[in-house]
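Load the model and keep the sequence beside it. We will walk through a sheet, some charged pairs and a helix.

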Amino acid sequence: MTDPIVTRFAPSPTGFLHIGGARTALFNWLYARKHGGRMLLRIEDTDRERSTEPAIAAILDGLKWLGLDWDGDVIYQFGRAARHREVAEVLLANGKAYRCYATPEQLTLMREKARAEGRTRLYDGLWRDRDPSEAPAGMKPTIRLKAPQTGETVIEDQVQGRVVWQNENLDDLVLLRGDGNPTYMLAVVVDDHDMAVTHVIRGDDHLINAARQKQIYDALGWDIPSMSHIPLIHGPDGSKLSKRHGALGVDAYRAMGYLPAALRNYLVRLGWSHGDREIFSTGEMIGAFDLSGIGRSAARFDFAKLESLNGHYIRQSDDQSLVTQFESVLDYIPAGLGLKAKLNDTTRAQLLRAMPSLKERAKTLIELIDGSYFIFADRPLELEPKAAALLTPENRQLMGRLLATLEPVAPWTADATEAAMRAFAEANNLKLGAVAQPLRVALTGRTTSPGIFDVLAVLGRQESLARLGDQAAS
């Protein structure tokens with residue numbers, strides 16, 4: 001029987017959960033879920049100066065919003081420092097590591113000399129074979145790995161293929177700093193081993209780290225997990241992803257009105273393909289995902305594609321779920337507080353009733369909110385300039401006549417109000433558009449809205465007639 005699959009997502013809490021990190025988490029989650037395994041979450045907070053509690057909270061919140069649940073408790077790397085030190089001491093005792101007493105000045109000179117000579121190995125082994133009795137008094141040493149100096153270090157990567165480094169180019173890396181704190185390289189290896197991680201799936205900016213970590217695994221006699229280094233996400237022009245391209249936190253996408261299901265679907269297709277298929281339910285995604293479908297070249301972020309996909313998800317969503325998501329996004333947008341104050345049983349019911357027509361026109365929840373403006377507008381309506389221009393004195397008089405026409409309509413439905421409007425237009429030798437557009441302005445304050453008869457039905461008799469009365473010439 002094979003060991004159960006264990007993946008891990010291991011962000012550093014120095015900022016928000018960015019879009020590349022979200023995709024890495026998604027790939028780990030999909031792989032674990034497909035194989036009936038577990039995805040663990042480890043916060044790599046060894047950088048004490050840059051790790052913050054708000055960043056940790058943002059990462060956890062972003063993962064929950066995306067629907068990427070993890071197994072077991074969150075593991076905090078810094079809390080395992082004693083275990084990391086213990087492993088470093090084992091390496092020392094076994095002659096696989098040594099104490100280095102090089103001063104900062106000596107290290108700077110070494111690096112400068114190596115770079116001037118075009119060498120990638122920056123540490124010259126000054127303390128590799130020296131007797132610790134020669135150590136300067138009172139100086140706290142670092143502990144370095146006694147890395148192999150000949151031969152090759154090889155990673156059989158599931159995405160990149162076979163990757164080879166010449167050991168003569170790799171440094172004796174620091175495992176413990178002079179203050180006794182473990183380095184990231186040591187901590188990652190020990191944590192992945194102790195957490196029984198079988199598959200490491202991460203960005204290819206970690207590929208060089210894989211070589212260094214492989215040397216630690218070898219020194220400890222531990223098996224290295226399967227490695228998959230996925231290409232980074234680039235902007236549409238092929239350059240490194242920047243904020244203008246979409247290098248934002250997951251919270252920013254939430255505030256822009258994207259649905260978690262749509263963002264998940266978009267992210268899975270950034271660098272992974274399954275034929276020409278673009279749209280996957282979560283279940284289909286889990287069933288189809290494999291490491292062999294990940295390409296070696298950088299994926300390109302495309303906002304237009306994300307927006308189009310999000311529009312698809314909005315149109316396919318259940319109306320009630322959209323009302324719920326409409327409410328949830330209000331906490332993240334500037335206008336949210338004002339709209340929340342206006343949410344009550346009546347406006348929620350109106351929103352639900354309007355949703356079939358609203359969602360046909362919206363690509364994001366923000367556009368959905370904007371389209372629903374007429375439900376929450378205060379009387380008398382503030383008219384957009386283009387809309388105000390349509391309410392000429394003649395059209396204001398027309399509103400008064402429409403008011404008289406609509407008052408007796410019963411029952412108050414889209415069909416009944418449409419029949420009344422068509423009869424009015426015909427009787428007055430007017431095109432329906434000549435009646436509908438000024439009516440739209442009077443009811444919504446804008447020149448665009450859902451279908452005008454839907455608007456009448458959503459607002460209801462009392463509010464519709466009151467708004468008409470506000471704009472009608474007295």
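Which residue in β8 is the bridge partner of Ile143? The partner is Leu176. This is a predicted model, in which local features need pLDDT of at least 70, side-chain atom pairs count only at pLDDT 80 or more, and totals for chains, interfaces and linings use all residues. Residues are numbered from 1 along each chain as its sequence is written, and side-chain values use heavy atoms, with hydrogens and water left out.

Start with the strands around that bridge. Helices (H or I, at least four residues) and strands (E, at least two) are DSSP runs, numbered from the N terminus. Strand β5 covers residues 142–145 and pairs with β8 in the antiparallel sense, over two bridges. Two strands count as paired if DSSP finds at least two bridges between them. Strands of a sheet pair through backbone hydrogen bonds, either parallel or antiparallel.

Now widen the view. The order β4-β5-β8 makes an open sheet of three strands, with antiparallel pairing. β4 (97–100) and β8 (174–176) stand at the edges; each has a single partner strand, so one side of each is left without a neighbour in the sheet. From one strand to the next, the twist averages 40 degrees. Helix α3 (residues 81–93) lies across β4, β5 and β8. Its direction is about 100 degrees to β4. For such angles, axes are lines fitted to C-alpha atoms, for helices over the stretch in contact (heavy atoms within 4.5 Å). The angles run from 0 to 180 degrees between N-to-C directions.

Next, the charges. A salt bridge here is a side-chain nitrogen of Lys or Arg within 4 Å of a carboxyl oxygen of Asp or Glu. By this rule the count comes to 32. One of them joins Arg42 and Asp192, with the closest N and O atoms 2.8 Å apart. That pair links distant parts of the chain: Arg42 sits in strand β2 (residues 38–43), Asp192 in helix α5 (residues 184–194), and 150 residues separate them. Both Arg42 and Asp192 are buried (under 20% relative accessible area; exposed is over 50%, partly exposed in between; 1.4 Å probe, protein chains only).

Other pairs stay within one helix. Glu86 and Arg83 form a salt bridge, their closest N and O atoms being 2.7 Å apart. Both lie in helix α3, three residues apart, and so are separated by about one helical turn. Glu86 is partly exposed at 44% relative accessible area, and Arg83 is partly exposed at 24%. In helix α6 (residues 207–220), Asp218 and Lys214 are four residues apart, about one turn of the helix. Their salt bridge has its closest N and O atoms 3.0 Å apart. Asp218 is partly exposed at 44%, whereas Lys214 counts as buried at 17%. Salt bridges that share partners also build one network, with Arg42, Asp192, Arg83 and Glu86 among its members.

Finish at helix α17 (residues 393–406). Its 14 residues reach 20 Å from first C-alpha to last, close to the 20 Å expected at 1.5 Å a residue. That expected span is 1.5 Å times one less than the number of residues. Which way do its side chains point? Asn395, Leu398, Met399, Leu402, Leu403 and Leu406 are buried in α17. Seen down the axis, these buried residues fall within an arc of 150 degrees (taken from the directions from the helix axis to the C-beta atoms), so they line one face of the helix. Covering them are elements including α16 (385–390), α18 (414–427), α19 (432–444) and α20 (452–471). The face turned away from the buried side carries the exposed residues Pro393, Glu394 and Gln397.
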